[in-house]
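Biologist: I have the sequence and the coordinates open side by side. Could you walk me through them while I ask questions as they come up?

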Amino acid sequence: MESESAEIGVTVKPINKDTITEYSLKEGAKGVVITGVEEDSLAAREGLRVGDVISEVNGEVVASPKEFAESLRGVRLKDGMTLTVISGRDGVARFRVLKDR
């Protein structure tokens with residue numbers, strides 16, 4: 001199951017054995033893996049990439065695409081939102097503040 005968030009411009013999938021292998025994620029990774037980033041989207045401008053893992057939205061843990069989509073409801077991008085993103089490149093967790101300019 002894939003979920004697309006048009007608001008920030010990413011497509012995500014749940015983390016399972018297949019996505020761990022496909023995106024070279026660490027065993028035990030938690031959250032949702034980014035499988036697509038729309039060109040010129042807020043996510044692209046903020047440096048999110050395919051293979052990154054989103055583990056929290058505004059401090060709330062997300063464990064599935066459904067939870068991720070639900071966490072975006074009611075978010076006002078002009079006020080900003082915080083994501084905890086584990087880089088698919090180096091495995092380091094970083095906080096990203098996404099704010100529509």
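Predicted model: local features only at pLDDT ≥ 70, side-chain atom pairs only at ≥ 80, totals over all residues.

Biologist: What does isoleucine 8 touch, leaving out residues up to four places away in sequence?

Modeller: Its contacts are Ser41, Leu42, Ala43, Phe68, Leu77, Met81, Leu83 and Leu98. For alanine 43 there is also a C-alpha to C-alpha distance, which is 5.4 Å from isoleucine 8, although the two are 35 residues apart in sequence.

Biologist: Which residues touch the most other members of the largest nonpolar core?

Modeller: That core has 18 residues, and the ones touching the most other members are Ile8, Ile54, Phe68 and Leu83. At least two core residues come from each of strand E2 (10–14), strand E3 (32–37), helix H2 (42–45), strand E4 (53–57), helix H3 (65–72) and strand E6 (81–86). E6 gives the most to this core, with 3 residues.

Biologist: On to the strands: how many bridges join E4 to E6?

Modeller: E4 and E6 are joined by 4 bridges and run antiparallel, with valine 53 standing opposite isoleucine 86 in E6. E6 is also joined to strand E7 (residues 93–98), by 6 bridges and again in an antiparallel arrangement, and there isoleucine 86 stands opposite alanine 93 in E7.

Biologist: Where is aspartate 52 found?

Modeller: Aspartate 52 is found in the loop between H2 and E4, and it counts as buried because its relative accessibility is 0%. A polar atom of the aspartate 52 side chain lies 3.0 Å from the backbone nitrogen of arginine 49. The C-alpha atoms of aspartate 52 and valine 85 are separated by 6.5 Å, while the two residues are 33 residues apart along the chain.

Biologist: And glycine 88, what is it in contact with once its neighbours within four places in sequence are left aside?

Modeller: Glycine 88 is then in contact with Gly51 and Asp52. Glycine 88 itself lies in the loop between E6 and E7 and is partly exposed, with a relative accessible area of 39%. Tyrosine 23 is 65 residues from glycine 88 in sequence, yet the two are 7.6 Å apart in space, C-alpha to C-alpha.

Biologist: I also want to check backbone angles; what is the phi of serine 24?

Modeller: Serine 24 has a positive phi of about 50°, although it is not a glycine. Its place is in the loop between helix H1 (17–22) and E3, where serine 24 is exposed, with a relative accessible area of 63%. Asparagine 58 likewise is not a glycine and has a positive phi of about 50°; asparagine 58 is placed in the loop between E4 and strand E5 (60–61) and counts as partly exposed at 40% relative accessibility.

Biologist: Changing topic to the helix: which residues of H3 are buried?

Modeller: The buried residues of H3 are Pro65, Phe68, Ser71 and Leu72. Seen down the axis of H3, these buried residues fall within an arc of 125°, so they line one face of the helix. Following H3 comes glycine 74, which has a positive phi near 80°.

How values were computed:
Residues numbered from 1 in each chain as written. Heavy atoms only, no water. Core = buried A, V, L, I, M, F, W, Y, C linked by side-chain atoms within 4.5 Å. Buried < 20%, exposed > 50% of the residue type's maximum accessible area, 1.4 Å probe, protein only. Pairing = 2+ DSSP bridges. Polar contact = N/O pair within 3.5 Å; in protein donor to acceptor, adjacent residues only side chain to side chain. Contact = heavy atoms within 4.5 Å. Arc of directions from axis to C-beta.
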